[in-house]
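I opened the model to look up a few things and kept notes as I went. The entries follow in the order of looking.

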Amino acid sequence: MKDALDELAAARRAMGKGSLPAGDAYTIEVRRRYRAQIEDVWDAVTDPERLGRWLNPVTGDLRLGGRFELDGGEHGEILRCEPPRLLRVSWLYGPEADAWPGTSEVELRLAPGPAGDTEFELIHAAAVGEPLFPTYGPGAGGVGWDLRLLSLARLLAGVEPVDHEVVEKSAEAREFIRRSAAAWGEAHLAAGGEPEHVAAAVEATTGFYAPDPT
């Protein structure tokens, strides 16, 4: 559990503003350093076999302009691909998502660090009208990314990632989720969120990802 919380603490989180083809957007941003060469990190986020071990199994035409689909239902188009430094994709949910193209994008930026490590930045931009935000705030996507990036850290360290569905039911995972939701609440406050809204969003996010056991 300590290792998982150390990974959570290693990331810097921010909420900001951006733009998409659909209009104004808000962004959730995660920055951290991985103790791995940039080529290894790039391979982990683009190779289908390795990607499926920390994110979700992926299928599709995995090249610039191609379309992909993840086993979890997310799908989109590869918009930019500049190995080994930048990858941007549209990020849509469900069969009806194509009715609102460009409402969500994920961008990964990598840079070589000073000690053979890699500076990693993930920016997820979602249209301001995205319906989950009023209830969950940036934790709606932020907690999910924290969980996935924990698995990526394990993969890059040579430790096999564990099954998300099993882990997320454990007491340790509930504590990780609680702290992740609180961290995204702090980012929301720093971005100017109203304290009452932020508190309610943190509570709702925690309940969504880690509902009380029955």
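**Entry 1: the hairpin**

I looked up arginine 13 and found its bridge partner in E2, valine 30. The model is a predicted one: local features need pLDDT of at least 70, side-chain atom pairs count only at pLDDT 80 or more, and totals for chains, interfaces and linings use all residues. Residues are numbered from 1 along each chain as its sequence is written, and side-chain values use heavy atoms, with hydrogens and water left out.

I then took the two strands as a pair. E1 covers residues 12-20 and E2 covers residues 23-34; they run antiparallel, joined by 9 bridges. Pairing here requires at least two bridges found by DSSP between the strands. The strands and helices in these notes are DSSP runs, numbered from the N terminus: helices are H or I with at least four residues, strands are E with at least two. Between E1 and E2 sit 2 residues, and the two strands form a hairpin.

**Entry 2: the largest cavity**

How many cavities of 30 Å³ or more does the whole structure hold? The search gave 2. A cavity is a set of points on a 1 Å grid over the protein atoms alone, where a 1.4 Å probe fits but cannot get out; lining residues have an atom within 4 Å of a point. Points are joined across faces, edges and corners, and the volume is the space filled by probe spheres set on them.

The largest cavity has about 80 Å³. Helix H1 (2-9), E2 and helix H5 (139-156) each supply at least two of the lining residues. H5 gives the largest share, 3 residues.

I sorted this lining by class: 6 nonpolar, 4 charged and no polar residues. In this scheme Ala, Val, Leu, Ile, Met, Phe, Trp, Tyr, Cys and Pro are nonpolar, Asp, Glu, Lys and Arg are charged, and the others, Gly among them, are polar.

**Entry 3: the second largest cavity**

This one has a volume of about 40 Å³. Its lining includes Tyr136, Gly137, Pro138 and Gly139. Ala181, Trp184, Gly185 and His188 are also in the lining, as are Ala201, Val202 and Thr205. Helix H7 (171-190) and helix H8 (195-209) each supply at least two lining residues. The largest share, 4 residues, is from H7. By class I noted 6 nonpolar, 5 polar and no charged residues.

**Entry 4: salt bridges**

I counted 18 salt bridges. The rule asks for a side-chain nitrogen of Lys or Arg within 4 Å of a carboxyl oxygen of Asp or Glu.

I looked at arginine 33 and glutamate 119, whose closest N and O atoms are 2.5 Å apart. This pair links distant parts of the chain: arginine 33 is in strand E2 and glutamate 119 in strand E9 (residues 118-127), 86 residues apart. Arginine 33 is partly exposed at 42% relative accessibility, and glutamate 119 is partly exposed at 24%. The cut-offs are under 20% relative accessible area for buried, over 50% for exposed, and partly exposed in between (1.4 Å probe, protein chains only).

Next came glutamate 107 and arginine 88, at 3.4 Å from N to O. Glutamate 107 lies in strand E8 (residues 104-112) and arginine 88 in strand E6 (residues 86-90), 19 residues apart. Which member of this pair is buried? Glutamate 107 is, at 10% relative accessibility; arginine 88 is partly exposed at 23%.

I also checked arginine 178 and glutamate 175, with closest N and O atoms 2.8 Å apart. Both are in helix H7, and being 3 residues apart they are separated by about one helical turn. Arginine 178 is partly exposed at 42%, as is glutamate 175 at 23%. Elsewhere, salt bridges that share partners join Glu29, Arg31, Arg88, Glu105, Glu107, Arg109 and Glu121 into one network.

**Entry 5: threonine 118**

Last, I went to threonine 118 in strand E9. Is this residue buried or exposed? Threonine 118 is buried, at 0% relative accessible area. A polar atom of its side chain lies 2.6 Å from the backbone oxygen of alanine 36. The side chain of threonine 118 also reaches the backbone nitrogen of isoleucine 38, at 3.0 Å.

Definitions and conventions:
1 Å grid on protein atoms, 1.4 Å probe; cavity = no way out; pocket = protein on both sides within 12 Å on 5 of 7 lines; lining within 4 Å. Polar contact = N/O pair within 3.5 Å; in protein donor to acceptor, adjacent residues only side chain to side chain.
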